[in-house]
Amino acid sequence: YGLYDYLRNSIQQLELPQRKAALIVPAFETLHYRLTFPKSKAELLSMLDMGSLYTFRYHVWPKGHAPTDYAKWRTATVPYRVAWQPDFEPYVVVRRDCPRYDQRFVGFGWNKVSHIMELDAQEYELLVLPNAFMIHMPHAPSFDISKFRLSAGYRSCLQTLREEFHQDLSRRYGAAALKYLTAERSL
C-alpha cells in the first residue's frame, strides 16, 4: 500500500533524476495463496517474525537478495547503500536512461543478475529504501525454470551466455570489470 507514492517521493528526495542510483525495493515471499497484505513496515515485520512471510528466496537462493541486508532494513529509517555481490538480483527502480536488460537472458536465468552487474559497472549507487517492500506470491513454476532444472543443454547455453556477457563487460569497462569475472570463478 502506498508504494507508488513512496517511490515518487523517494525519487525526488534522493534527486534520482540527477544521479546514477538504483533504488532497491526489498522483496519478501509467502507460501500461502491467500494473504492479508501488510499495510505498513511494522505489520510486515510482525508477519515476518510470526513466520507467515520470509525474505525472498532465502531457502533456495539466498545470494540473490542477501546483499539487501534485511537485518539492517528492519530498523532503517533512511535509505542505505549496499555493495554489489555475486548473484545479487534485487528489484530496482532506475532512471529510464539506465542500461537495458541484456536480451540474451530471456526466460529463466541471469536477467536481473546481469542487469545489476551492468549498473554496478557503470557506478550506480545501490540504495535500499527503508519503507518499501514487495511480496512474491506463490505460483506454478514457469516453463523456463522447468527447462533450466531439467535440461543440461539449457544450463550449458546459459553458461555460454554468461561467459559472453563477462567478455563484453571486460571490453566495455576494462580492468574495472575484472571483479565480476573473479567473483564468478570463486563461486
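Reader: Where is the place of D69?
Author: D69 sits in the loop between β3 (54-55) and α3. Helices and strands are DSSP runs numbered from the N terminus (a helix is H or I over at least four residues, a strand is E over at least two). This is a predicted model, in which local features need pLDDT of at least 70, side-chain atom pairs count only at pLDDT 80 or more, and totals for chains, interfaces and linings use all residues. Residues are numbered from 1 along each chain as its sequence is written, and side-chain values use heavy atoms, with hydrogens and water left out.

Reader: Why is D69 called partly exposed?
Author: Its relative accessible area is 32%. Buried means under 20%, exposed over 50%, and partly exposed in between, with a 1.4 Å probe and protein chains only. D69 is therefore partly exposed at 32%.

Reader: What is the phi of D69?
Author: D69 has a positive phi of about 65°, although it is not a glycine.

Reader: What makes D87 count as buried?
Author: The relative accessible area of D87 is 5%, so it falls under the 20% limit. D87 lies in the loop between β4 and β5 (91-93). Its phi is also positive, near 70°, and D87 is not a glycine.

Reader: How do you know whether V94 is buried, partly exposed or exposed?
Author: V94 has 23% relative accessibility, so it counts as partly exposed. V94 belongs to the loop between β5 and α4. Beyond its neighbours within four places in sequence, V94 is in contact with A21, A22 and L119, where contact means heavy atoms within 4.5 Å.

Reader: Why is A132 called buried?
Author: A132 is at 0% relative accessibility and so counts as buried. A132 is in the loop between β6 and β7 (134-136). Leaving aside neighbours within four places in sequence, A132 is in contact with L3, Y6, V25, P26 and W73.

Reader: What makes α4 mostly covered?
Author: Of the 11 residues of α4, 10 are buried. Among them are K112, H115, M117 and D120. Just after α4, E123 takes a positive phi of about 65°.

Reader: Which residues touch the most other members of the largest nonpolar core?
Author: They are F28, L44, W73, M117, L126 and L169, in a core of 36 residues. Elements that each supply at least two residues of this core include β1 (21-25), α2 (41-50), α4 and α6. α4 gives the most, with 5 residues. Apart from this core lies another, of 9 residues, with L14, L23, V25 and L127 among them. A nonpolar core is a set of buried Ala, Val, Leu, Ile, Met, Phe, Trp, Tyr and Cys residues joined through side-chain atoms within 4.5 Å. In soluble globular proteins, nonpolar side chains tend to be buried together.

Reader: How do you know that L127 is buried?
Author: L127 has a relative accessible area of 6%, so it is buried. L127 lies in strand β6. Not counting residues up to four places away in sequence, L127 touches several residues, including L14, L23, I24 and Y80.

Reader: What joins the side chains of D168 and R104?
Author: A polar contact of 2.8 Å joins them. A polar contact is a pair of N or O atoms within 3.5 Å; within protein, one must be able to donate a hydrogen and the other to accept it, and residues adjacent in sequence count only if both atoms are side-chain atoms. D168 is found in helix α6. At 18% relative accessibility, D168 counts as buried, because the limit is under 20%.

Reader: Which residues lie nearest the centre of the largest pocket?
Author: R57, E89, F108, I145 and R149 do, out of 32 lining residues. A pocket is an open set of points on a 1 Å grid over the protein atoms alone where a 1.4 Å probe fits, with protein on both sides within 12 Å along at least five of seven lines; lining residues have an atom within 4 Å of a point. The largest share of the lining, 4 residues, comes from α6.
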